[in-house]
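These are my notebook entries on a structure I looked through, written down in the order in which I looked things up.

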Amino acid sequence: MSTHAKRERLLLADLLEAQGPAAPTLCEGWQTRDLAAHVVVRERRADAAGGLLIKQLAGRLERVQAEFAAKPYEELIQLIRTGPPRFSPFSLKQIDEASNAVEFYVHTEDVRRAVPDWTPRELDPVFADALWSRLERTARLVGRKAPTGLVLRRPDGRTAVAHRGTPVVTVTGEPAELLMFVYGRQDVADVALDGDKDAIATLHDSKQLGL
């Protein structure tokens, strides 16, 4: 049975291929070629990918990613489609699903929503619930630097606390939109914010959300 991560991987690869190497993305300073290189390096170069979390390795990550970005674009797309090599932890189905379903969904939206005429993508309820489950487990990690208290709420009332503090801002939306918000894509997330007016403005403009 196909996993969510596998499906999102193929959707991302198809979209990157269709848009070409020089299309805009929501990732500051990156075109589609840069985003494709990031995805490949993250899965295939553990020696450099550590720079995503460890500042001391950031320079190495930048160099390796630039090397991959210089490769033929079609090669990058094929590397994304075929997935990680056998020795990579991402080749394990459980790790792939836990690590990549959200990663690939967000990056697909980074391409889709970077153009003015983007339209919402309708997600099936099973995938929406999977995204919510992931968000519940990681809310405090991605919201740890939020400048206000932060509560995430689904339209059905289910909530997750992303950051304790005052004043509190409650962000309401579908799981996919909440993910976009807490991953730093506030401007394109279809959500409603409730709370103190100044706190809402501070949270909306914050650059501290996400990993």
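This is a predicted model: local features need pLDDT of at least 70, side-chain atom pairs count only at pLDDT 80 or more; totals for chains, interfaces and linings use all residues.

Setting aside the neighbours within four places in sequence, I found Val 182 in contact with Leu 135, Val 142, Leu 150, Leu 152, Leu 209 and Gly 210.

Next I looked up the nonpolar cores. The largest one has 30 residues, and Val 182 is listed among those with the most contacts inside it, together with Leu 150, Leu 152, Val 171, Phe 181 and Leu 203. I noted which elements supply at least two residues each to this core: the helices α6 (93-112), α7 (125-142), α8 (175-182) and α9 (197-205), and the strands β1 (149-153), β2 and β3. Since domain 1 (3-113) and domain 2 (137-205) both give residues to this core, I place it between them. Apart from this core I found another one, of 22 residues, including Ala 13, Leu 35, Ala 37 and Phe 68.

I then turned to the sheet, which is open and has 4 strands in the order β2-β1-β3-β4, with mixed pairing. At its edges stand β2 and β4 (192-194), and because each has a single partner strand, one side of each is left without a neighbour in the sheet.

A search of the whole structure for aromatic pairs gave me 1. The pair consists of Tyr 105 and Phe 127, arranged edge-to-face, with 6.1 Å from centre to centre and 75° between the planes. It links distant parts of the chain, since Tyr 105 belongs to helix α6 and Phe 127 to helix α7, 22 residues apart. Are these two residues, Tyr 105 and Phe 127, buried or exposed? I found Tyr 105 buried, and Phe 127 likewise.

My last entry concerns the backbone. Most peptide bonds are trans. The bond that joins Thr 166 and Pro 167 is cis, with omega at about -5°, and I located Pro 167 in the loop between β2 (159-163) and β3 (168-172).

Definitions and conventions:
Residues are numbered from 1 along each chain as its sequence is written. Side-chain values use heavy atoms; hydrogens and water are left out. A nonpolar core is a set of buried Ala, Val, Leu, Ile, Met, Phe, Trp, Tyr and Cys residues joined through side-chain atoms within 4.5 Å. Buried means under 20% relative accessible area, exposed over 50%, partly exposed in between (1.4 Å probe, protein chains only). Domain bounds come from an automatic or database domain assignment. Contact means heavy atoms within 4.5 Å. Two strands pair if DSSP finds at least two bridges between them. Rings of Phe, Tyr and Trp (its six-membered ring) pair if their centres lie within 6.5 Å; planes under 30 degrees apart count as stacked, over 60 as edge-to-face and the rest as tilted.
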